[in-house]
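Please open the structure in your viewer and keep the selection panel at hand. The stops below are meant to be taken in order.

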Amino acid sequence: MKTKALLIVGVVAFALLMIQGRIVEKSESQKTIKSDTATINYSGKIKVIIDNKCYGCHNSNTRAIKARNKLNWDSLALISKVNQISKLDKVIETLDKGEMPPKQFLERKPEGKLTDDEITALKGWAQKTSDALMK
Amino acid sequence: MKWVKSLLVLMAILLVIIQFIPVKLPSNSTDSRNDLISAEKLVGEVPTILRTSCYDCHSNQTHYPWYAHVAPVSWLVSSDVEEGRQKLNLSEWSQYNKRRKISKLGDIKEQVETGEMPMSIYTFIHRKTKLTGEQKQIIIKWSESMANKLLQ
């Protein structure tokens, strides 16, 4: 009995180590501080890119909760300046790492891939917009 | 009960074998030129909390206990530290631009607020790294005020 109990404890401990539960869906945690928000504008070419390649998942009514919590184009104008800068920085960081749109998504929808030109344009816009917010 | 014995023996053998699979723990550096605490001249509780609860994964000053060198723990530690440093490396703080600093401070606040960081597997093993409610507030307030200061 003792060996069996020991074995079970061992297996449980091992399993605990392996299952580092990281797949946690967060609820919306964006704070709205209206007093110091700024408008974020995008139009023309940038709007076309965002509408076609980002907005499908990153909007208020999406079923992609994780995507919405990380970046929601519908609420970008409503969040605090600090959060706006953070979100824009994430856009740049994510594009630099080539993480968006996600690989799995592109397997189903290869036409969703961002072209190099689009990446450059989007990054440039995010840089310019966040620079303006930091002035 | 015979199968239990053979299973234990098998596991022991397996444990020995996996020690030969090469794994490299991310290396440490004592260079603190770009370190958050020294660059921003942080004093008081904030640096203490950061050093205790964050620096093991989010700096180049990881303290590896002996068992961190033993597989399969070493695999986990290696990938966690690597990922942690990649997402936020407080030893390279000064190299972040202002925008990234603000963004990382926002992340720190959010992760601490939601209790996602420090990771529960980590605080389970390293009890003293678990943040108390009071410590969480200190970190949240500090990250907010520092982000706002950067904006001015």
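The tour begins with one whole chain, moves to a contact between two chains, and ends with single residues of the other chain.

This is a predicted model, in which local features need pLDDT of at least 70 and side-chain atom pairs count only at pLDDT 80 or more, while totals for chains, interfaces and linings use all residues. Residues are numbered from 1 along each chain as its sequence is written, chains are lettered from A and ligands numbered from 1 in the order in which they are written, and side-chain values use heavy atoms, with hydrogens and water left out.

**Chain A as a whole**

Select chain A and colour it by secondary structure: there are six helices and zero strands, where helices (H or I, at least four residues) and strands (E, at least two) are DSSP runs numbered from the N terminus. Of the 135 residues of chain A, 36% count as buried; buried means under 20% relative accessible area, exposed means over 50%, and partly exposed lies in between, with a 1.4 Å probe and protein chains only. Chain A exposes about 8,600 Å², of which carbon and sulfur atoms supply 59%, the areas coming from the Shrake-Rupley method with a 1.4 Å probe and, for residues, with only the protein chains shown counting as cover. Among contacts (heavy atoms within 4.5 Å) in chain A between residues at least 6 apart in sequence, 67% join residues at least 24 apart.

**Where two helices cross**

Next, select helix α4 (residues 81-97) of chain A together with helix α5 (residues 98-113) of chain B, whose axes come within 8 Å and cross at roughly 105 degrees. That angle makes α4(A) roughly perpendicular to α5(B), a label that covers 65 to 115 degrees, whereas angles under 35 count as roughly parallel, those over 145 as roughly antiparallel and the rest as oblique. The axes are lines fitted to C-alpha atoms, for helices over the stretch in contact, and angles run from 0 to 180 degrees between N-to-C directions. Show side chains here: the residues making the contact include V82(A), I85(A) and I92(A) from α4(A), and R99(B), R100(B) and I102(B) from α5(B).

Centre the view on D89(A), which lies in helix α4 of chain A and, at 0% relative accessibility, counts as buried. What does D89(A) touch, not counting residues up to four places away in sequence? The residues are R99(B), R100(B) and S103(B). A polar contact of 3.0 Å joins the side chains of D89(A) and R100(B); the term requires a pair of N or O atoms within 3.5 Å, and within protein one must be able to donate a hydrogen and the other to accept it, residues adjacent in sequence counting only if both atoms are side-chain atoms.

Move to L15(B) in helix α1 (residues 2-18) of chain B, which at 44% relative accessibility counts as partly exposed. Leaving aside its neighbours within four places in sequence, L15(B) is in contact with A71(B) and P72(B). The peptide bond between those two, from A71(B) to P72(B), is cis, with omega near 5 degrees, and P72(B) lies in the loop between α3 (45-53) and α4 (73-87) of chain B.

Finish at K41(B), which has a positive phi of about 50 degrees although it is not a glycine, and which is exposed, with a relative accessible area of 68%.
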